[in-house]
Amino acid sequence: MEIALYLLAAVLIVGGLVGNVLPALPGIPMIFGGIWLAAAVDEYRHLGLWWLLIIGALGTLGIIVDFVSASLGAKRVGASKRAMTGAALGTLVGMFFGLAGLLLGPFIGALVGELMSGTSILRSAHVGAATWIGLLVGTLVKLVLSFMMIGLFGFAWMIG
């Protein structure tokens with residue numbers, strides 16, 4: 001049974017890495033779940049409370065980055081508050097429409113928000129593109145944090 005649970009933990013971790021890029025899977029929660037499962041099967045001998053709290057904090061940071069990255073991209077180019085709100089809403093709504101929704105939602109939300117602020121279509125498209133770039137940077141940061149979580153898990157396992 002232990003072997004099956006360790007295999008499930010590995011599947012969760014690998015699936016979580018895939019989920020950081022594909023919107024159908026909750027990447028960071030899956031990685032943390034796999035790490036926690038492996039620690040529980042081991043009865044927390046190698047990975048105790050403090051390690052799990054540190055890894056969980058990194059995971060929480062990754063989730064926060066995921067939600068605010070598009071809005072920060074819009075803010076970077078001086079977008080209006082409406083555009084940043086639109087980017088955040090577009091990200092939230094886009095999550096329910098798969099990969100296309102996650103790619104287009106923040107862009108469309110920022111574009112519409114900026115248009116509602118009375119700026120030109122060209123300026124609004126620029127804000128939308130900056131939002132999309134923010135989303136890509138956020139995905140990269142999320143991947144880095146995920147690998148840090150896995151690296152800390154491996155380190156704690158080896159020294160524990």
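Leaving aside neighbours within four places in sequence, S124 is in contact with L111, E114, L115 and T119. In this predicted model, S124 is placed in helix α6. The side chains of S124 and T119 are joined by a polar contact of 3.2 Å. Is S124 buried or exposed? With a relative accessible area of 0%, S124 counts as buried, because the limit for that class is under 20%.

The chain holds six helices and zero strands, and the order of its elements from the N terminus on is α-α-α-α-α-α. Taken along the principal axes, the C-alpha atoms fill a box of roughly 60 × 25 × 15 Å. Of the 160 residues, 38% count as buried. The accessible surface of the chain is about 8800 Å², and carbon and sulfur atoms account for 80% of this surface. Among contacts between residues at least 6 apart in sequence, 64% join residues at least 24 apart.

Helix α5 has 19 residues and spans 26 Å from its first C-alpha to its last, close to the 27 Å expected at 1.5 Å a residue. A bend of about 35 degrees occurs in α5 at L104, and a proline, P106, follows within four residues. Just after α5, G118 adopts a positive phi of about 90 degrees.

Where does α3 bend? The bend lies at V68 and comes to about 45 degrees. The buried residues of α3 are L52, I55, G56, L58, G59, G62, V65, S69, A70, S71, G73 and A74. An α-helix has 3.6 residues a turn, so residues three or four places apart point the same way. Packed against the buried residues of α3 are α2 (27-41), α4 (81-94), α5 (98-116) and α6 (121-159). Just after α3, G78 has a positive phi of about 80 degrees.

The nonpolar interior can be described next. In soluble globular proteins, nonpolar side chains tend to be buried together. The largest nonpolar core here has 15 residues, and I35, L47, L52, I55, M149 and F153 are those with the most contacts inside it. Which elements give two or more residues to this core? These are α1 (2-19), α2, α3 and α6. The most comes from α2, with five residues. Not counting residues up to four places away in sequence, I35 touches I13, L47, L52, I55, M149, I150 and F153. A second, separate core has six residues, among them A74, A79, A83 and A87. Of these, A74 is also one of the buried residues of α3.

Notes. Residues are numbered from 1 along each chain as its sequence is written. This is a predicted model: local features need pLDDT of at least 70, side-chain atom pairs count only at pLDDT 80 or more; totals for chains, interfaces and linings use all residues. Side-chain values use heavy atoms; hydrogens and water are left out. The bend at a residue is the angle between axes fitted to the seven residues ending there and the seven starting there. Buried means under 20% relative accessible area, exposed over 50%, partly exposed in between (1.4 Å probe, protein chains only). Contact means heavy atoms within 4.5 Å. A nonpolar core is a set of buried Ala, Val, Leu, Ile, Met, Phe, Trp, Tyr and Cys residues joined through side-chain atoms within 4.5 Å. A polar contact is a pair of N or O atoms within 3.5 Å; within protein, one must be able to donate a hydrogen and the other to accept it, and residues adjacent in sequence count only if both atoms are side-chain atoms. Accessible areas come from the Shrake-Rupley method with a 1.4 Å probe; for residues, only the protein chains shown count as cover. The expected span of a helix is 1.5 Å times one less than its number of residues.
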